[in-house]
Each structure stands twice: as structure tokens, then as C-alpha cells.
Amino acid sequence: MRKLTPVLTGLVSAAGALAVAELVAAWLNPTSSPVLAVGAAIIDATPRWLKEFAVQTFGTADKAVLLTVIYLSLAAYAGALGVLAVRRPSLGLVGVALFGVVGVAAVLGRPTAGPADVLPTVAGTLAGIWLLLSLAKRARDLADSDREFAEYAREQGKREGRVPGQRALAAEHRRSFLLLGAVAAGALVVGGGARLWAVARSVGTRSREAVRLPPSTLPVPDGVDLKLPELSSFYTDNRDFYRIDTALSVPQVDAATWKLKIHGMVDRPRTVTFDELRAMPAMERDITLNCVSNEVGGPYIGTARWLGVSLGALLREVGIRGGADQVVSRSTDGWTCGTPVATLLDGRDAMLVYGMNGQPLPIEHGFPVRVIVPGLYGYVSACKWLAEMEVTTFAEFDAYWVRRGWSAQAPVKTASRIDTPTRRAKAGPVSVAGVAWAQHRGISKVEVQVDDAPWQEARLAAEPSADTWRQWVHVWDATPGSHRLRVRATDGTGATQTGEERGVVPDGATGWHEVTVSVE
Ligand SMILES: Nc1nc2c(c(=O)[nH]1)N[C@H]1C(S)=C(S)[C@@H](COP(=O)(O)O)O[C@H]1N2
Ligand SMILES: [Mo]
């Protein structure tokens, strides 16, 4: 145990440093936490293949995995620093300072950083230096005493532990462990408390609680939900709606001070406040949103009732100049996406959204305002925590994911998914059911194939508009044994979903979803 003291010294000092940094960050600005800033910098620097690997391997837990890796690396570094500091305090000091420099660089590298954002890292670094130097001195003194006692015992020819004073030294060791434990526990309470406090008093949470929405005026469409067990419901609950973004800490925006700046190649640049947006004619639509990173059969898709205003109307008001072909949306945390002007103005229900399924837009889904454009993947349209729209050209600007190798143009591809059965079924009639989507073109047909038999047409639920997914069901007379089920959809233009298998890069996966079912 005594041998571990230097390592523990490093670990405990780092925990104390992080706790102080989190506390100052919670009080100042939660996104200025050094760990989150380092994580955000790593996310932005991640090459496409690694991002793909992360999303495919960890799904929406990719952020938790990243934070775990950061904490584990920090722990390894801190443990090594502890060993170093017990031998050479000056090296320990340099090591903590280096940690501080990396933290400050990461924090300042954030697109929204201000000079005050370095304070949490600086405070944490100072606390870390103080803790490491004082705890390491204590550890060194104890180790020195251990050595002296051992030497003395050897000289006197006495057995270890029989030297006068060694009992007191053992007590001293115990006190030292207690001290380390106390600092660690204090760090846990301070750091964890700071995080909870930051979330509870977060600007976004409080601001969102103050938003009142009018009741829905759009009737729930008839016959869109077959209400079959295991089949995705037509509307996706907000808490079940997939979440994909680069934000390690969710941006906290106050609706009261929120502004949308519309500028660039426009005749009448304009700034819109939340109150002004709420005063515009409201528009409510059921629209399906999906992610380009969704594999065939994957979960990154959902349908919600969105409340907001017409984006097309607003863009007509500001007057888009000739030659402009791209609208770049930028979020408060600096993420960007580029949407074709032609798509935004072709009459489809492109929206600035502030309500989702009857509730103010959830913070994770972009509070207070986001964009929704039916028929486009999220990464080229659905900017959350919207701050700015700049009218420009595709030649002039590459948005966040385009710079990382994804297509600038990304209309959604016609696709379909089998929700049930997944693995097993009982012989006899079995409802094979799922969803199909081709937003803004609509779904005209869904077919199911069992093994190598001819494709059979499924029964379609109602479709309120071409902008949502469509449920389907096919009753299959299942016979014992293992069977392969496949699905394919045909969109509103009459084009059938391709069976050619391609990955998600650069503009969305293709191929037929298939499941193998064992029937008993
Ligand atoms: N600010 C911001 N908006 C963003 C993103 C992001 O990383 N940052 N990701 C986009 C992507 S890739 C998708 S698929 C949708 C997902 O929206 P959701 O999380 O509400 O489902 O948001 C889009 N809007
Ligand atoms: Mo996405």
C-alpha cells in the first residue's frame, strides 16, 4: 500500500484540480470546463473514419465513451506525475503546468470562447499544483522516514517494526491515507455537485421552463398508426428521439436574449428575436428527420410534430440575391451546415422550429430555435441552437461535415426498415411490420420478400403528407425453420429503393434491410 502512495498522490491531486475547475466553470460558464473543451477539440479534430467507427461501435453513447477515454488518460498521466513529483517536485510542477496549457489552449480554441473562459482551467491548475506539491512532500517525508528506519534497523540488527518510533510512523502513514481519501471525497462532492448545479441552474433549462406554447391546432391524422406491438409509433416521443450532434456539453441559450442574424447575399439583412419569431404566423407540421449516419435498418430516425414559422417566407422577406445558392446555418457553438437555396424556396415546409410534440424544443434538440427541412438529412439542414444564417454560395463555403468529406448535397434516400419480428416467431400468421421513408417524395409501395419467394406488397398505413415516414405491415404465414425477410420501398415518383449495398459515407447508406427469423 505504501508503495502506491505516490500514484495515489497524483490521482488525488488531479481529482482536486478537476473539481476546482468544474466548480469555477459551473459558476462562470459550463462550457468552459477544461475536460469538455479538450473533448470538443478532439471531436472537431477526429478524422472521418474514426468518427464513423465511433458512431457505429458506440452509437449515441460515443460521447460517454470519449469522456471515459479522456478521464482514463488523465488518470494515467496524473498517476505518473505523482510518482515523478515525489522524487522531483519541480518536474511535477512542470507536468501540472503542461496540463494547464493544454486545457487553456483547448478552451480558447472553442469558437465561442472569451478570455474569462480560461479561469476554470487556471484555477484548477493552481489547485492541482498546490495539492500535488504538498501531498508529494508528505509522501516523500514518509518514504524518507521509512528508509531511515529500515537502515537503522539493519545497523542495530533488529527486526523491522521493532525499532522505537516505527509505530508512530505507521500511524503517520494511516493519517496520510486518510488525508488522501478526504481530498478525493471532497473532490468528488465538489466536482459532482458543480455539474448537477450547472445543469439545474443552466440558462437553457430555466429559459425553456418559461416558454408557453399554444395548444396544437393540427388534428392528429387518421390511420397513420397501426398500433402494432414492436412497431415504431408514428410520432416519436421527445425523450426517445435520437440525438446526434458534435456538442459534448449541450449549448445553453436564453430565449430572452436569443437572436437570429440573417445576412450575406440578401437585400435586407435582418436580426430576429425570439419574441418576433413567436409573433410571426405559426406553422405546425409532422415531419420525419433522419441522420445520414443511419445504417440500413438503423435507429437514427424519428417523426415529430414541429411548431415554428415558415423559413421560406422569411427568406423571401429578406430577399436572396441572384447568384446565391447556399444558406449556411451556424449554431451558437460554431457548428455549420449548408442548405441549397433552391430547396428552401421550392415551396416545401422548411421551418424555423421552437416546438416539438407540443413542448418547447428540448435543449438537446436545439432550444430555443432550430431548422427543419423535409427531405434533407440533418447534417445539411437541421441546425440546432441556431444563431446565424448566412446566404452565400457552395463555391464560397464548406460547412462542418463537408470539410470532413461528406457531400455538400444530401437529399434523403428512399429506405425502409423491418421493426418486427427481430429474431424469433411462432409458426402461423406473423405480422411483419416496419416503417418506410422518402421525405418529400412520399412512399407509394412497400414490398416484403420471404427467402427467395417473389416480392409481396405490404399494406400501408395512411400518410399525412409526403414528408413523414409511413408504417407498413405484411401478414406472413410463417413455417418452422430459419427464414430471411427483406423489405424494399417505392417512393412517390415510382422509383424503387436500390438493393445495392453502400455505406453511410458520403451521402447516406443504401441497400435492403433484412432480418433472419427462426420460426418454431
Ligand atoms: N448545432 C448543431 N446542429 C446539428 C448538429 C450538430 O452537430 N450541431 N447535427 C445535425 C445532425 S448530423 C442531425 S442528424 C440532426 C439530429 O437532430 P436531433 O439530434 O434533434 O435528432 O441535427 C443536426 N443539427
Ligand atoms: Mo446526422
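Let's start at the ligand. A backbone N or O atom of Ala 382 sits 2.9 Å from a nitrogen atom of ligand 1. Keep in mind that this is a predicted model.

A polar backbone atom of Tyr 242 is 2.7 Å from an oxygen atom of ligand 1. Ser 331 uses its side chain: a polar atom there lies 3.2 Å from a nitrogen atom of the ligand.

How much of the ligand's accessible area does the protein cover? On its own, ligand 1 has 530 Å² of accessible area, and the protein covers 98% of that.

Now the shell. There are 18 residues around ligand 1. The closest are Tyr 242, Thr 246, His 365, Arg 370 and Lys 384. By type, the shell has 10 nonpolar, four polar and four charged residues. The space that ligand 1 takes is the second largest pocket.

Next, the domains. The assignment gives domain 1 (5-201), domain 2 (238-404) and domain 3 (415-519). Between the C-alpha centres of domain 1 and domain 3 there are 52 Å.

Last, the cavities. Three of them have 30 Å³ or more.

Where does the largest cavity lie? It lies between domain 2 and domain 3, because both give residues to its lining.

The second largest cavity has about 130 Å³ of space. Its lining includes Gly 10, Leu 74, Tyr 77, Phe 99 and Leu 132.

Technical notes. Residues numbered from 1 in each chain as written. Chains lettered and ligands numbered in written order. Predicted model: local features only at pLDDT ≥ 70, side-chain atom pairs only at ≥ 80, totals over all residues. Heavy atoms only, no water. Near = heavy atom within 4 Å. Polar contact = N/O pair within 3.5 Å; in protein donor to acceptor, adjacent residues only side chain to side chain. Areas by Shrake-Rupley, 256 points an atom, 1.4 Å probe, with all protein chains shown as cover. 1 Å grid on protein atoms, 1.4 Å probe; cavity = no way out; pocket = protein on both sides within 12 Å on 5 of 7 lines; lining within 4 Å. Sits in = over half its atoms within 2 Å of the grid points. Nonpolar A, V, L, I, M, F, W, Y, C, P; charged D, E, K, R; others polar. Domains from an automatic or database assignment. Points joined across faces, edges and corners; volume = space filled by probe spheres on them.
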